[in-house]
Amino acid sequence: ITVIGATPGGGKTSLMCCLALYAATNPLVNSVALFSREQSTSATILYNFVPMVLEIDATCIRDREPSIELLAQKIDESGMPYLPIDIIEQADCPDKRMTVDFISDYVKQHKPSVVFIDYLQMLDASGSHFSREREIADMMSKLTDLAKSEHIPVVILAQLSREAEVM
């Protein structure tokens with residue numbers, strides 16, 4: 001288990017996308033599972049990292065000028081190999097609830113080589129707890145058990161409060 005924590009806007013999702021892309025290019029990796037409740041994760045990969053790989057002018061990409069269709073066309077034209085990254089967003093979950101149990105079931109069924117979770121506090125807790133801290137501790141315990149039982153790395157992003165920043 002690796003936890004990457006930063007304040008909002010600290011680049012956690014961008015770092016995760018870079019790590020996922022790097023892992024997906026490793027020939028020993030059969031697939032990468034990236035769980036996100038952020039709807040922008042797919043767009044982050046398309047608009048920020050695919051252009052790097054394809055060597056497309058990044059200025060128009062940052063302004064989100066090209067359509068997804070244009071980027072898909074450029075990917076096809078480039079001959080870029082398929083990257084085994086499965087992005088699982090909240091809309092893919094039963095009842096639109098992304099839980100640790102859902103993640104565990106997915107991992108046991110699809111057997112990815114590495115799992116990324118963006119981000120811990122956005123997961124829905126299963127069961128009833130008396131405090132959010134207890135819910136987070138329970139989710140971390142289950143994710144640790146998952147990493148151990150499946151023998152895979154699990155990288156979890158965590159949002160830190162701006163109140164925790166040192167002045």
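Trainee: Let me start with helix α5. What covers its buried residues?

Mentor: The cover includes β2, β3 (85–89), β4 and α6. Keep in mind that this is a predicted model.

Trainee: Which residues of α5 are buried?

Mentor: Burial is judged by relative accessible area, with under 20% as the cut-off. In α5, Val100, Phe102, Ile103, Ser104, Tyr106 and Val107 are buried.

Trainee: At what angle do α5 and α6 pack, and how far apart are their axes?

Mentor: The angle between α5 (residues 100–110) and α6 (residues 132–150) is about 5°. Their axes lie 10 Å apart.

Trainee: Do I call that pair roughly parallel or roughly antiparallel?

Mentor: Angles under 35 degrees count as roughly parallel. α5 and α6 are therefore roughly parallel to each other.

Trainee: Which residues of α5 and α6 meet?

Mentor: From α5 come Val100, Asp101, Ile103, Ser104, Val107 and Lys108. In α6 they meet Met139, Lys142, Leu143, Leu146 and Glu150. By class, the contact of α5 with α6 has six nonpolar residues, four charged and one polar. Cross-check with burial: Val100, Ile103, Ser104 and Val107 are among the α5 residues in this contact, and they are also among the buried ones.

Trainee: Now the core. Which residues touch the most other members of the largest nonpolar core?

Mentor: A core is a set of buried nonpolar residues joined through side-chain atoms within 4.5 Å. Here the largest one has 23 residues. Phe35, Ile103, Val115, Ile117, Leu120 and Leu123 touch the most other members.

Trainee: Which elements give two or more residues to this core?

Mentor: They are β2 (32–36), α5, β4 (114–118), α6 and β5 (154–159). The largest share, six residues, comes from α6.

Trainee: What does a second, separate core include?

Mentor: That one has 17 residues, among them Ile4, Ala20, Leu83 and Leu157.

Trainee: Next, the backbone. Where is phi positive in a residue other than glycine?

Mentor: His151 is one case, with phi near 55°. His151 sits in the loop between α6 and β5. Lys111 is another: its phi is positive, about 55°, and it is not a glycine. Lys111 follows α5, in the loop between α5 and β4.

Trainee: Are Lys111 and His151 exposed or only partly exposed?

Mentor: Exposed means over 50% relative accessible area. His151, at 71%, therefore counts as exposed. Lys111 has 44%, so it is partly exposed.

Trainee: Where is a peptide bond cis?

Mentor: Read omega. The bond from Asp118 to Tyr119 is cis, with omega near -10°. Tyr119 lies in the loop between β4 and α6.

Trainee: Zoom out. What pattern does the chain follow along the sequence?

Mentor: List the elements in order. The pattern is β-α-β-α-α-α-β-α-β-α-β. That comes to six helices and five strands.

Trainee: How many residues does the chain have, and what percentage is buried?

Mentor: The chain has 167 residues, of which 43% are buried.

Trainee: What percentage of the contacts joins residues 24 or more positions apart?

Mentor: Take the contacts with a separation of 6 or more; 72% of them join residues 24 or more positions apart.

Notes: Residues numbered from 1 in each chain as written. Predicted model: local features only at pLDDT ≥ 70, side-chain atom pairs only at ≥ 80, totals over all residues. Heavy atoms only, no water. Axes fitted to C-alpha atoms, helices over the stretch in contact; angles between N-to-C directions. Helix = DSSP H or I, 4+ residues; strand = E, 2+ residues; numbered from the N terminus. Parallel < 35°, antiparallel > 145°, perpendicular 65-115°, else oblique. Contact = heavy atoms within 4.5 Å. Nonpolar A, V, L, I, M, F, W, Y, C, P; charged D, E, K, R; others polar. Buried < 20%, exposed > 50% of the residue type's maximum accessible area, 1.4 Å probe, protein only.
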